[in-house]
Amino acid sequence: MRQAQPPDLVRMYRISGLSSMTKTLITGGRIVTAVDDYVADILLENGRIEAIARQLNVTDAERHDASGCLVLPGGIDVHTHMEGVQGPAVNCDSYETGTIAAAFGGTTTIIDFAYQNRGESAKKTLDDRLALATPQVAIDFSFHLILTDVPPAVLSELPDMIEREGITSFKMFMAYPDILMVDDASIYRTMRVVGDRGGMVNLHAENGPVIQVLIEEALEQGHTSPKYHSLTRPRLMEAEAVHRGIRLAELAEVPVYIVHLSAPEALESIVAARDRGLPVFAETCPHYLFLDDSEYERPGFEAAKFVMTPPLRAHDCQQHLWRGLRFDDLQIVATDHCPFCFNEQPLGLRYSKQLGRESFAQIPNGAPGVELRLVLLYDGGVRTGKLNLNRFVQLTATAPAKMFGIFPRKGTIAVGSDADLVLFDPERKQRLSASTQHSRVDYSMFEGREVTGKVMKVFARGELIVDGDRWLGRAGRGEFLQRGASGQIL
Ligand code: URP
Ligand code: ZN
Ligand code: ZN
């Protein structure tokens, strides 16, 4: 595999007044952003990047030799579910364990979810989630607000959510009838209210009512095993909902963001809309890029480990997703980290897939992944020549920051940006396993896979929080990010 060689020097910044002991100097690393690739030193001070130059002569700083490493902007994962509730089930990662796992994977910011109960105000939804997350989070964070019920009183709160609280993205479900699903009118009304003010609706796009018919038919025929989760969620019903969501946004004249896109037929609608110049955006996830529906043939209940929504697709779908990533029809790779243990022990039945032993329809939907995003995408994307390094950074840090209103504070390496940095060894091999990951989940979808590339050190606002296998951060150090406009990336 060929890669561009870093130029000797791309940027030089003058430094002055360096005195405090809160300084950190990272020397000799290969700095990669969405557009740059060069070797230089970086000075971190007071949580920010203070200076970047070919050589910085600072004597009173803690030094970290990054030679041989890539220096990347801290990853931003815009789709995680920590402590999310799904009927009787609860995600097995708390905000503490989930954000520690994220950090070990090179992610320094997450955008998680605040779930509105029906009848609840948006403000209460946000306040309750903040109270739960704030004492626990180990990295910086924000929420998308999940809206399940949008009477006029809730709609009237949304301008304040955007302008005062810095919540500028609102997730709505076209799937999961009677639980999370909202109708088209609710989606359209919400789009109209938020889209004019710098807000954006994120859609889980699957045709929920038709999928419900397929589920009921399968169960009537006695099909209860996990693979029927996949067989009852066809690609066409993802494509139908993506198309519908785009048309609603087009009518409302606002941007729209499709989460966890998996099907080529759905991608076709994204491509067509973007070709028409519409502000239509989408993410995909590592599991759709690296796994396929053959996992559902695993014996017994094992396939439940791969029950997420949308399900894994046929192997040949992957090439379409890679093409989408290369040509910017897909802008972001997020994990949709939504972990449930496979076994009931040690955390208990409600944290586990075992809730669905008798029926695939009761298996909590979701799979883990927050710790593996960078390494999987580096190993399987960059090293295979499907993505170049700059695009890798763009997909995992820069586009997420721009899409959801936290750029340039986050998502790049530049003077004045937060000192969120990952030292990544591009040659170090590792074998992925649940036994070495930091999430509380008890399995890995990538168990035993050997990959090349490893996160060596992670700095979050200048603080070294991961050093090899050592955790140096602490619960509660993460800051809530009040975000600017979403969906303004062009
Ligand atoms: O299976 C999944 N994706 N679970 C999380 C909830 C969602 O739909 O994003
Ligand atoms: Zn979803
Ligand atoms: Zn999700």
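Which residue lies over the face of F342, and at what distance from the ring centre? That's K305, at 4.9 Å from the centre of the F342 ring. Keep in mind that this is a predicted model. A second contact of this kind puts the charged end of K386 over the ring of W322, 5.2 Å from the ring's centre.

Now for the metal. The zinc ion (ligand 3) is held by H79 through NE2, H81 through NE2 and D336 through OD, with distances of 2.0 to 2.1 Å. Around this ion, the four donor atoms subtend angles of 85 to 128°, so the arrangement comes out as tetrahedral. Along the chain, the donors are spaced as H-x1-H-x254-D. That brings together distant parts of the chain: H79 sits in the loop between β6 (75–77) and β7 (85–86), while D336 belongs to the loop between β15 (332–333) and α12 (373–382), 257 residues apart. Another zinc ion (ligand 2) is 3.9 Å away from the zinc ion (ligand 3).

With 7% relative accessibility, D336 counts as buried because the cut-off is under 20%. H79 is buried too. E253 also has a positive phi without being glycine, near 60°, but its setting is another story: E253 counts as exposed, at 69% relative accessibility. You'll find E253 in the loop between α8 (235–252) and β13 (256–258).

On to the rings. Searching the whole structure turns up 13 aromatic pairs. Here are two of them:

| Pair | Centre to centre | Angle between planes | Type |
|---|---|---|---|
| F141 and F143 | 5.6 Å | 70° | edge-to-face |
| Y378 and F424 | 5.0 Å | 65° | edge-to-face |

Y378 is part of helix α12 and F424 is part of strand β16 (residues 421–431), so this pair ties together parts 46 residues apart in sequence. Both of these residues, Y378 and F424, are buried.

T309 and P310 are joined by a cis peptide bond, with omega about -10°. P310 sits in the loop between α10 (286–290) and α11 (317–326). Going from F407 to P408, the peptide bond is also cis, and omega is near 5°. P408 is located in the loop between α13 (389–403) and β16.

Methods: Residues numbered from 1 in each chain as written. Chains lettered and ligands numbered in written order. Predicted model: local features only at pLDDT ≥ 70, side-chain atom pairs only at ≥ 80, totals over all residues. Heavy atoms only, no water. Donors = N, O, S within 2.8 Å, 3.2 Å for Na, K, Ca; no water. Tetrahedral: all angles 85-135°; square planar, octahedral: opposite > 155°, others 65-115°. Helix = DSSP H or I, 4+ residues; strand = E, 2+ residues; numbered from the N terminus. Buried < 20%, exposed > 50% of the residue type's maximum accessible area, 1.4 Å probe, protein only. Phe/Tyr/Trp six-rings, centres within 6.5 Å; stacked < 30°, edge-to-face > 60°. Lys NZ or Arg CZ within 6 Å of the ring centre and 35° of its normal.
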